[in-house]
Amino acid sequence: MKKVTLLACALALGSLAFGQSPQSLDKAELQELKESYKVDGETKALHNIIKTTNSLKTLAYNPDLAGQTDDYFKYEVNVKGITDQLRSGRCWMFTSMNELRPLVMKKYNINSFDFSHNYSYFYDILEKSNLFLENIIRTADRDMDDREVCFYFSSPVGDGGVWNLFYNVAEKYGVVPDNVMPETVHSNNTSQLLSIVNERLRKGGYEIREARNAWMNRTKKVSGVEGTLTYVLKKEKMKALKDVYRVLSACLGTPPTEFTWRFKDKDGKIQTVNSTPHDFYKGIIPSGYDPDNYVMIMNDPTREYYKIYEIQNYRNTIEGINWTYLNLPNDVIKAAALKSIQAGEPMYTSSDVGKYSNTASGVG
């Protein structure tokens, strides 16, 4: 009786707090909404424009501002051109590599250079897949409707990220020039690839949970290593990862373990570099290129400034670092950016401009 009484009190308090129970839209309210939309001449013209093939972002573009963009600056960093992520979420990877491209051009005396984003993307998705499956193993004893379990299954992997993800995968797998592992249709437009990978991962995650339940329900355990729960779950994980590796290799190609890179330098001489991806990476990064010397800074007005925050589970490799940043006001970030540019060192930046940017002009 005590529990029933407490529940009744809670319901009563809820009713008082909101004033009344939820109400559906009735005919009178629908009529009021309809009458509030006046289709006069101006609205009719707007109606006709919006209902055509024009996008809202295109229609919102102000042509009077077209010639007012000033892209001449007092201080510039030698970054050598713009790269294009196309229809993928790899902006963080492109930006991280753009910081390092000038160092490669200087070292090898060449006018232009780009990394293989496809190579790094392959291992980013593979490692994220492993992280997902390890999280499923860690939470396999929880109910399927557990909040964390639901979160993992809702979106196993994506191609978004920040600098720490590039650092993690580059430290482990290195990097290669773009012509060593060129872009493919699926690296440039990742939606279908990710859909297939996530389908495989959900299947693999479910089978891991089923294998765990089957092992727990056995009346007689098998002796030896092969009978342990750890072995059983790892076997299921590797089964899922082999499936993912097959999909990635078919869509992106198989990453090389060593390569030969031939190019023509500024003096017109043909050069040949034989290397491994890891050795190539270590040979071009600046001294102290690590989280102890390079700190991510961010403006998050919802959190207290001048404090360090770490985003849990925001990484790709199990052994890698999470997204960790120092929260600062915008004016402090601007001052830091200016000093970085004046020192001739490129600065990784990311901004939320999706709602306001014009892709064709590059103006936000």
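Author: Two strands pair if DSSP finds at least two bridges between them; strands (E, at least two residues) and helices (H or I, at least four) are DSSP runs numbered from the N terminus. This is a predicted model, in which local features need pLDDT of at least 70, side-chain atom pairs count only at pLDDT 80 or more, and totals for chains, interfaces and linings use all residues. Residues are numbered from 1 along each chain as its sequence is written, and side-chain values use heavy atoms, without hydrogens and water.

Reader: What makes β3 and β5 a pair?

Author: Three bridges join β3 to β5 (residues 323-327), and at least two are required, so the strands pair. They run parallel, and Ile-297 stands opposite Leu-326 in β5.

Reader: What makes β3 and β4 edge strands?

Author: The open sheet has three strands in the order β3-β5-β4, with mixed pairing. β3 (296-298) and β4 (307-311) each have a single partner strand, so one side of each lacks a neighbour in the sheet.

Reader: Why is Ser-129 called buried?

Author: Its relative accessible area is 0%. Buried means under 20% (exposed is over 50%, partly exposed in between; 1.4 Å probe, protein chains only), so Ser-129 qualifies. Ser-129 is found in helix α6. Beyond neighbours within four places in sequence, Ser-129 has contacts (heavy atoms within 4.5 Å) with Val-157, Val-197, Leu-201, Leu-241 and Val-244.

Reader: Which residues touch the most other members of the largest nonpolar core?

Author: Among them are Tyr-108, Phe-115, Val-197 and Phe-280, in a core of 61 residues. Such a core joins buried Ala, Val, Leu, Ile, Met, Phe, Trp, Tyr and Cys residues through side-chain atoms within 4.5 Å. Helix α6 (residues 117-138) gives the most, with nine residues.
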